[in-house]
Amino acid sequence: KRSPENVLKEIKILYDQYNIREIHFIDDSFNLDIQRANKILDLIIENKLDLSLSFPFGLRADRLSVELLKKMKEAGTFLVAFAVETASVKMQKVIKKNLDINKVMLMIEESNKLGFFIHGFFMLGFPEETKKEMIDTVKLALRSKLHSASFCFVTPNPGNELYKRVENYINKDEQRSYLIAKDYGYLKVDVKELEKIVDWAYRLFYFNPVRIFRFLKAVPHKKQIMGLIMHGLYRTFLKAKSINNIKFLKK
């Protein structure tokens with residue numbers, strides 16, 4: 001890993017030589033090393049850099065604290081993302097992430113208080129995952145203070161542990177760079193049911209009037225609002241497979 005001083009050196013080159021004022025940390029676990037994360041933020045603050053910072057690839061909520069979030073705010077952070085994946089304790093163990101969901105919700109709440117735009121990442125379609133566990137994950141997103149969310153099909157990429165577990169279901173002759181779980185027969189939930197759950201997750205999340213208002217208010221770059229709305233409409237209407245069953249989330 002690069003030292004905080006090395007990271008600051010690159011930031012200062014961008015800042016001084018190229019007049020860059022917005023920096024995105026493309027790091028899946030920026031705060032995994034809490035001491036290093038604190039040091040990077042301290043250096044930005046100490047050097048009085050007028051920056052807008054974004055962490056769009058997912059912070060680990062269990063490695064966050066209110067103090068660290070406040071320091072991120074002081075350094076210029078406007079956007080944070082949380083890679084939650086699943087609300088199921090069982091599935092958290094299966095994927096070896098073991099997040100404390102209560103801590104996740106608390107950090108989302110605290111991030112909202114600080115005025116961050118907050119995105120959440122969720123995954124649906126693990127081999128052992130039941131329909132109830134998927135619905136619980138969607139419900140977690142719905143009751144959260146997230147401004148936006150992604151509900152993704154679990155993907156077994158070549159080389160990872162999931163791929164090795166399900167490779168007997170995979171056609172080795174396929175010339176694709178990635179493989180989507182819903183294409184194969186190892187799920188507990190019917191593929192069409194999984195697609196319905198994902199489609200309705202997007203509908204229920206983004207068609208909440210309160211969330212729409214909070215989203216529009218919090219979007220950092222107001223000029224992008226129309227593009228975001230068009231993308232949302234495309235995802236919600238043109239790509240939806242069914243509009244006949246919303247009852248599964250009310251059961």
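Let me begin with a definition: rings of Phe, Tyr and Trp, the last taken by its six-membered ring, pair if their centres lie within 6.5 Å; planes under 30 degrees apart count as stacked, over 60 as edge-to-face and the rest as tilted. Ring pairs of this kind link Phe122, Phe151, Tyr202, Phe205 and Tyr206 into a cluster.

The model is predicted: local features need pLDDT of at least 70 and side-chain atom pairs count only at pLDDT 80 or more, while totals for chains, interfaces and linings use all residues. Residues are numbered from 1 along each chain as its sequence is written, and side-chain values use heavy atoms, with hydrogens and water left out.

Searching the whole structure gives nine aromatic pairs. In one of them, the centres of Phe30 and Phe55 are 4.7 Å apart and the planes stand at 50°, so this pair is tilted. Phe30 belongs to the loop between β1 (22-24) and α2 (34-46), and Phe55 to strand β2 (residues 52-59), so the pair ties together parts 25 residues apart in sequence. Here helices (H or I, at least four residues) and strands (E, at least two) are DSSP runs, numbered from the N terminus. Phe30 and Phe55 are both buried, that is, under 20% relative accessible area, where exposed is over 50% and partly exposed in between, with a 1.4 Å probe and protein chains only.

I turn now to Phe122 and Phe151. Their pair is stacked, at 5.5 Å centre to centre and 15° between the planes. Phe122 sits in strand β4 (residues 117-124) and Phe151 in strand β5 (residues 148-153), 29 residues apart. Phe122 counts as buried at 2% relative accessibility, and Phe151 counts as buried at 3%.
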